[in-house]
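Reader: Before we look at the model, please take me through it one feature at a time, giving the general idea first and then the case at hand.

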Amino acid sequence: MMTAIGQQTAWIKGAGAHCANEKPSARQVWRLVVLGPPGVGKGTQAELLCERLGVCHLSTGDVFRACRSLPPQERAPAINAALELMQRGELVSDQVVMNIIRERASCLHCGGGFLLDGFPRTFAQAIALDALLQQEGLTLTAALNYVMNLDEIVTRLAGRRTCAACGASFHESRRPPRVLGVCDSCGGKLCQRDDDRPEAVRVRMQAYQASASPVVAFYEKRGLLRSIRAEGLPEEVFRKTMSALNGTILS
Ligand code: AP5
């Protein structure tokens, strides 16, 4: 039932694009959102969850990074403005984010389920997602909320290296690639993300602190919140995630 990861064509490209291989319906369809500060390991856990549960990884940050690789004349003005905000570490406007999500609403029906990473990030986005899911006749299984102390977050972000070609993420010491500076998955060049510069990290943390609590409270009130300590190796955090999810009743 598990499908290969990396089939996010419809999500990354939008505008009615289709994934090459539609995912068959899984026996258990997980529909998850992942919350947590920058660098807590959301993307790393998302990769493991996609591999093991067959869900599709839907990251709003990945959509923006893919837009950056387009020539400027092919980007809508709203996207250029969003990329400038992102580079400074600020949040993109709710309106632009929601346009991106609505344009990709078909991904919410993915046969393998989905994992929304980095969205919703504000209370307005949480409300809008709730309305969109209702409109689409879908319900969330859980909201995973990763928590960790700030020092460890700074260490993780400072050492993160991302593949310029396929987006795979590594860490200089904690999760090193087999060959220094080279992606294990595709052989691409590993680089530091623009927004992992210390001045952008500070702005991202402030943006997170200002917007996160109402989102966390929103899911807590609905009984969907699963908070998980994110210290430890990725596999350990994954085990904690699965045990938090095992208490989740599927609808
Ligand atoms: P986004 O791409 O969503 O980034 P983020 O939330 O800042 O999260 P990161 O990708 O930085 O970290 P992560 O938690 O995924 O950590 P990772 O697994 O890589 O958003 C980027 C920007 O886009 C935003 O700032 C904003 O401008 C804009 N944006 C996106 N969505 C938006 C929205 N909805 N609304 C408004 N604006 C939006 O791990 C980090 C490092 O640690 C890696 O090197 C990894 O290898 C390592 N690591 C991970 N887990 C472990 C572990 N257990 N032990 C040791 N090392 C680990």
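Reader: What is the relative accessible area of Arg175?

Author: This is a predicted model, in which local features need pLDDT of at least 70 and side-chain atom pairs count only at pLDDT 80 or more, while totals for chains, interfaces and linings use all residues. Residues are numbered from 1 along each chain as its sequence is written, and side-chain values use heavy atoms, with hydrogens and water left out. A residue is called buried under 20% relative accessible area, exposed over 50%, and partly exposed in between (1.4 Å probe, protein chains only). With a relative accessible area of 28%, Arg175 is partly exposed, and Glu47, at 28% relative accessibility, counts as partly exposed too.

Reader: How many salt bridges does the structure hold, and with which residue does the side chain of Arg175 meet in one?

Author: In general, side chains of opposite charge can pair when their charged atoms come close. The term is used here for a side-chain nitrogen of Lys or Arg within 4 Å of a carboxyl oxygen of Asp or Glu, and the structure holds 17 such salt bridges. In one of them the side chains of Arg175 and Glu47 meet at 3.4 Å, N to O. That pair links distant parts of the chain, 128 residues apart, since Arg175 sits in the loop between β6 and β7 and Glu47 in helix α2 (residues 42-53). As for these element names, helices (H or I, at least four residues) and strands (E, at least two) are DSSP runs, numbered from the N terminus.

Reader: With which residue does Glu235 form a salt bridge?

Author: The partner of Glu235 is Arg52, and the closest N and O atoms are 2.7 Å apart. Glu235 is partly exposed at a relative accessible area of 34%, and Arg52 is partly exposed at 32%.

Reader: What is the N to O distance where the side chains of Arg197 and Glu199 meet?

Author: Those two side chains form a salt bridge at 2.6 Å, N to O, with Arg197 partly exposed at 28% and Glu199 partly exposed at 41%. Elsewhere, salt bridges that share partners join Arg160, Arg193, Asp195, Asp196 and Arg204 into one network.

Reader: How should I read the sheet, and in what order do its three strands come?

Author: Strands of a sheet pair through backbone hydrogen bonds, either parallel or antiparallel. Here two strands are said to pair if DSSP finds at least two bridges between them, and the three strands form an open, antiparallel sheet in the order β6-β5-β7. The edge strands, each pairing on one side only, are β6 (169-171) and β7 (190-191). Strand β5 (residues 160-163) is joined to β6 by three bridges and to β7 by two. Thr162 has Ser169 as its bridge partner in β6 and stands opposite Cys191 in β7. The hairpin of β5 and β6 has five residues between the strands, and Gly167 in the turn has a positive phi of about 85 degrees.

Reader: Which residues of helix α3 are buried?

Author: An α-helix has 3.6 residues a turn, so residues three or four places apart point the same way. In α3 (residues 60-68), the buried residues are Thr60, Gly61, Val63, Phe64 and Cys67. They lie on the same side of α3 because they cover an arc of only 160 degrees around the axis, the arc being that of the directions from the helix axis to the C-beta atoms. Taking contact as heavy atoms within 4.5 Å, these buried residues pack against α1 (9-13), β2 (56-59), α4 (77-88), α5 (94-103) and β3 (113-117). Ser59 caps the N-terminal end of α3, with a side-chain oxygen 3.3 Å from the backbone nitrogen of Gly61; a polar contact is a pair of N or O atoms within 3.5 Å, where within protein one must be able to donate a hydrogen and the other to accept it, and residues adjacent in sequence count only if both atoms are side-chain atoms.

Reader: Where is Val92 found, and which residues does Val92 contact beyond its neighbours within four places in sequence?

Author: Val92 is found in the loop between α4 and α5 and is buried, with a relative accessible area of 12%. Leaving those neighbours aside, Val92 is in contact with Phe64, Ala82, Leu85 and Val97.
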